[in-house]
Structures are given as structure tokens and as C-alpha cells.
Amino acid sequence: MEPTRNSHATLVDLLDRVLDKGIVIQADIIISLAGVPLIGVNLRAALAGMETMLEYGLMKEWDARARAWENEQRQKKVEPICAAQIAR
Amino acid sequence: MSLETQHRAKTKVALATEAIVEEEGRYVYCVADAREDMSLGKIGIEGHKVHTIPHKDICAVVHSCSAQPYQSDDQEVVKAWVRMHQKVVDAAWERWDTVLPLSFDTIIRGEAEKSAEQNVKDWLKQEYEEFKRRIKKVKGRAEYGVQIFWEPKVIAQSLTSTSPQIRRLDEEIKTKPKGLAYMYRQRLENLMKHEMETKADEYFKDFYGRIRKYTDDVRVEKTKRAEPSLQMIMNLSCLVYRDRYTELGEELGKINRMRGFAVRFTGPWPPYSFVGGA
């Protein structure tokens, strides 16, 4: 059996890791992240909905929408500011 | 002045003013096992330019940003951010072989006397020994997610045919009058619940032992709700030597082929579950 990392099929697995795990910095040089767990909770609620959709086989539609949205974001992306460049 | 030049001039002014704000924070993706001071290009969240901040033979992979956490009510926006976070960690992982990933939205800020960049350097310096220890722990390995599900209906059916106690009760019910049959059914349900839990324990221990053989370290995660017809009985994060994941896959394949069982095998992930805490 081969492991999968298909980005849509493993979104929940990715979120579990990226939102809840990894190195934790415990110092006051970190920006207060009080809002982050909330992002996690909200996301999970949305994902529960997603799982239900999966059950009824509507995932294709969601998939298409997600990709369309991503594409749209890429199109309208403004060149980011690079502070290091300006400072040089 | 052409329209384009005008536009560029305006953008430049905007860039110069925003630069001050932009300088305030460093979004940290991961710490890499590499002596590097370089740019990785505009691969960051929202197209930010990602660069490394070195200390000795390790470096932090960051982008410059304002000292504000990324927050949004739009789930799709957050999901896209998380995906971009992962893409940067993946890029660093591929390039430098060993990384210690950070969780989403970790931003180190600057202070009045000290730039954010300097704060990152100082953080690396202070944690250096600990980071080297963790790098050693995860070097040459990757994380895999293993989730095992069973179909309660199938398991219950097989219990009915194999457990003499359950079978006896099941048959007795048929001979009892309505009122009594109800009581018997309650007893049967309780017995079934108990037997199912016992079975789950048995399988858990068996699978755990079989999986553990092929892993360097394991974290048992909370199980999660799945579809009604499937119940997750095991949720593991496994740290596996890169050349052993095929053996793990073979073992999982055997479990996956068992009647009433299903396995989800995901990865390779950067070792998110093995770099925090102790």
C-alpha cells in the first residue's frame, strides 16, 4: 500500500499538522496568536461539512470550485513588497 | 509621463511607506539543517519573498511581513495560506533534507531596540543545541499518517457468529415474549458493546505492534469521527526511516485487506509531530 499526499484528499491531515504541531516558540518575541486556535476551530467546522459532502459524492464540485478560487487568487496577486530589497 | 511610469512612481511611494511596517515581523516556516544565507524567491504566503536567516550551520526559513497574525473569516483563504505554508516547508525540506517545521502563523516581531531579523538570529542562537538535538532525531526520516478504520456492522456480525455468549442470547430472544425480549435485547446490546470494545483493544494492540516494527517513533493521536459506516479505531503519526516506508506500506496493506477494515496512509510529511516539546 502506497502513502498518499494528494493535496485535496489529505487536507485534513495537513491541517492537523500545520495548525496544531511543529516547533512552538515560547517567548514574548512572538506575536500573540490568540486568534489562531479559532481559525483552527472554524476550519474544522467547515471541514466537517466537507466530509459530509464527500459522502454524497459532491466532492468534485467542491474541488473544481477550490481550484477556480486558487487560480483567481493567483491572477490578481500583486507583487509583494520586499523590505530587504529597499533597505539595500 | 506615460501611464505606466506614473503607476510605477506611485507604487514606489507606497512601497517605501509600507516598507517600515513590512520590516516589523518575520513569519517563520521552519528551521533547516543548512548553513545558508539566501533567497528562495517569491514562494511564500501571498507571494512573499522567502529568505533564510543563518546561525552557524542552521538557518530559519522566513518571509518579512508586518507584525500582524494572518487571520481571516474566509475558510478558503485560510486553507490557501496553510497550503502555501506547507509548500515552503516542502521546498526547504527537499533542498536541505532535514527541517524542523513550525506551525502556521508563527511570527517573530521586532522591538524598539532590536529588529525582527535580529530576534530570529538570537532565537536560533539560544535554541541552537536543542535544534541540533531535534535535527538529529528526525534526520533521514519522514512522518506518515496512519489511520485505521473498521466497519462496526461487519465486526458485530462476525462477533454474533463467533461469540457463544452472544449467539446464545441472540437465539434466546427469538423464543421470548415481547416484554422479555426487550430486556434480553438490552442485555445483548450491552454485551455487544463490551465485546466490541474488547475486540477494538485487541486489534489496536496487534496493529500497534506490527506498525511499530517499521517505525522509529510513534505518536498516538485522538481518533476522529469518520463516516457513519466507518469508525476510526487508530490514528497514528509515525516517524519512519525513508527507506522503510515501503515495508510499513506492505504491513498496512495486509490490514487494509482484512474484512471490515480500511487503512488510510498519508505522507511523507515533514516531521511536524516529532519536533515540538520533549
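Guide: The C-alpha centres of domain 1 and domain 2 of chain B lie 40 Å apart. Domain 1 covers 10-138 and domain 2 covers 141-274, with bounds that come from an automatic or database domain assignment. This is a predicted model, in which local features need pLDDT of at least 70 and side-chain atom pairs count only at pLDDT 80 or more, while totals for chains, interfaces and linings use all residues. Residues are numbered from 1 along each chain as its sequence is written, and chains are lettered from A and ligands numbered from 1 in the order in which they are written.

Six residues of domain 1 of chain B are in contact with six residues of domain 2 of chain B; two residues are in contact if their C-beta atoms, placed from the backbone, lie within 7 Å. On the side of domain 1 that touches domain 2, H2, S5 and H3 of chain B each supply at least two residues. Helices (H or I, at least four residues) and strands (E, at least two) are DSSP runs, numbered from the N terminus.

Next comes the core. A nonpolar core is a set of buried Ala, Val, Leu, Ile, Met, Phe, Trp, Tyr and Cys residues joined through C-beta atoms within 7 Å. A residue is buried if 20 or more other C-beta atoms lie within 10 Å of its own, exposed if 12 or fewer, and partly exposed in between, with C-beta atoms placed from the backbone. The largest nonpolar core has 37 residues, and those with the most contacts inside it include B:Tyr29, B:Val61 and B:Ala92. Among the elements of chain B that each supply at least two residues of this core are strand S1 (25-32), helix H2 (75-96) and helix H3 (116-138). Domain 1 and domain 2 of chain B both give residues to this core, so it lies between them. Leaving aside neighbours within four places in sequence, B:Tyr29 is in contact with residues including B:Val62, B:His85 and B:Leu102. A second, separate core of 18 residues includes B:Tyr144, B:Ile148, B:Ile155 and B:Leu252.

Two helices of chain B remain. Helix H5 (residues 164-175) and helix H6 (residues 178-212) pack at an angle of about 160°, with their axes 9 Å apart; axes are lines fitted to C-alpha atoms, for helices over the stretch in contact, and angles run from 0 to 180 degrees between N-to-C directions. Residues of H5(B) including B:Ile166 and B:Leu169 meet residues of H6(B) including B:Leu188 and B:Leu191.
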